[in-house]
Amino acid sequence: MQRRSTQWVRLSMRTPGILIFGMVLAPCGWILDLTATVAPNWRTFNQVVGRPQDVIIQQGIWDICEASSISSSILCNQPDSLYFSNQVIRPAQGLMVASLIVTLCGLAVAIPGVRCWKDTPNWTVAGLGGILIFLSGVMTIIPIAWYTNIINSINTATSGTITVGYCIVLGYIGGILEILGGFVMFIGICRCCGGKNRGERRVREVTDYPGQQKPPSRRVDLPSLDRSRSNASSVPYSKNSLDDDVSFPRAKTPERGSVNTSYNGTPGDVDL
């Protein structure tokens, strides 16, 4: 029994699609996570008690700012020790910063594996980078989800109408992008779907081995090229009609076997 070949070959020198997908989503998620980390808008207080109606208090995990709905002026570094003493603040700070660092480490590890200066990418290195990117997305989702779950019960010295800040939305989107990008890169470690995830095929599928019968050629029925004139043809001509269709008289062709023996001229020197 012939042993089946386990060798694989890439069909193209281009970077595999799963690696391109991960390397695009990861930086996009990192930028969104960075914005969610440094921006002081995890939740917003409108109609603050004891303040003018146009005053808006924006609370983040690093800073608290006071803004106005009728002007562009923003005053940050607002004191609120009660808010920063909540249990969710310190873990959120650590996890968000760790997520940014782990994402950069994942990209640094994945880039040498993704670059195709060889015939085949280093799938192990690229997969390890994908794992780090995946973990960074999880580190972002955990504090975002925790903060959102208890957003109305976080203690603060400010009272008013609470709304979700844009940092929560950006954090969710950035974390999901990193999770998807890291997971897609990680599945390149193991070959699945017949090698399609890596853009590969078995060597025996693209190479003819000695003694291996080729599949029968496909028969293609071509249209007939017979141009014989049918009785129903709309072109009213024939071979005889072409011979008669002339505008000048033709010389008559002598009949075969007949020789003109009559000569009435005077004989010349050539005839002698």
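This is a predicted model: local features need pLDDT of at least 70, side-chain atom pairs count only at pLDDT 80 or more; totals for chains, interfaces and linings use all residues.
Helix axes are lines fitted to C-alpha atoms over the stretch in contact, and the angles between them run from 0 to 180 degrees between N-to-C directions. Residues are numbered from 1 along each chain as its sequence is written, and side-chain values use heavy atoms, with hydrogens and water left out.

The protein chain has 7 helices and 7 strands; these are DSSP runs numbered from the N terminus, with helices (H or I) of at least four residues and strands (E) of at least two. Along the sequence, their order is β-α-β-β-β-β-α-α-α-β-α-β-α-α. Of the 272 residues in the protein chain, 32% are buried. Here buried stands for under 20% relative accessible area, exposed for over 50%, and partly exposed for what lies in between, using a 1.4 Å probe and protein chains only.

α1 and α3 pack at an angle of about 160°, and their axes are 10 Å apart. That angle makes α1 roughly antiparallel to α3; on this scale, angles under 35 degrees count as roughly parallel, over 145 as roughly antiparallel, 65 to 115 as roughly perpendicular and the rest as oblique. The crossing of α1 with α3 is left-handed, a term used if the near helix is turned anticlockwise from the far one by less than a right angle, with right-handed used if clockwise.

Helix α3 (residues 89-114) also packs against α4, at an angle of about 160° and with the axes 7 Å apart. α3 is therefore roughly antiparallel to α4. By class, the contact of α3 with α4 has 22 nonpolar, 7 polar and no charged residues. In this count Ala, Val, Leu, Ile, Met, Phe, Trp, Tyr, Cys and Pro are nonpolar, Asp, Glu, Lys and Arg are charged, and the others, Gly among them, are polar. α3 passes α4 in a left-handed crossing. For α1 and α4, the axes come within 11 Å and cross at roughly 30°, which makes α1 roughly parallel to α4. This crossing of α1 and α4 is again described as left-handed.

Helix α4 also holds Phe-134, which counts as partly exposed at 30% relative accessibility. The C-alpha atom of Phe-134 is separated by 9.8 Å from that of Ser-99, 35 residues away along the chain.

Turning to the aromatic side chains, a search of the whole structure finds 2 aromatic pairs. Rings of Phe, Tyr and Trp (its six-membered ring) pair if their centres lie within 6.5 Å, and planes under 30 degrees apart count as stacked, over 60 as edge-to-face and the rest as tilted. Trp-42 and Tyr-147 form an edge-to-face pair, 5.0 Å centre to centre with 70° between the planes. This pair links distant parts of the chain, 105 residues apart: Trp-42 is in the loop between α1 (17-38) and β2 (43-46), and Tyr-147 is in helix α4 (residues 123-149). Trp-42 and Tyr-147 are both buried. Tyr-83 and Phe-84 have ring centres 5.2 Å apart and planes at 75°, so this pair is edge-to-face. Tyr-83 is buried, at a relative accessible area of 0%, whereas Phe-84 is partly exposed, at 26%.

Side chains of opposite charge can pair when their charged atoms come close. The search of the whole structure finds 1 salt bridge, defined as a side-chain nitrogen of Lys or Arg within 4 Å of a carboxyl oxygen of Asp or Glu. Glu-66 and Arg-51 meet in a salt bridge at 3.1 Å, N to O. Glu-66 lies in strand β4 (residues 64-68) and Arg-51 in the loop between β2 and β3 (55-59), so the pair ties together parts that are 15 residues apart in sequence. Glu-66 is partly exposed at 21% relative accessibility, and Arg-51 is partly exposed with a relative accessible area of 37%.

Finally, the backbone deserves a look in two loops. Gln-47, in the loop between β2 and β3, has phi near 55°, a positive value in a residue other than glycine. Gln-47 counts as exposed at 52% relative accessibility. Asn-77, in the loop between β5 (74-75) and α2 (81-84), has a positive phi near 60° and counts as exposed at 65% relative accessibility.
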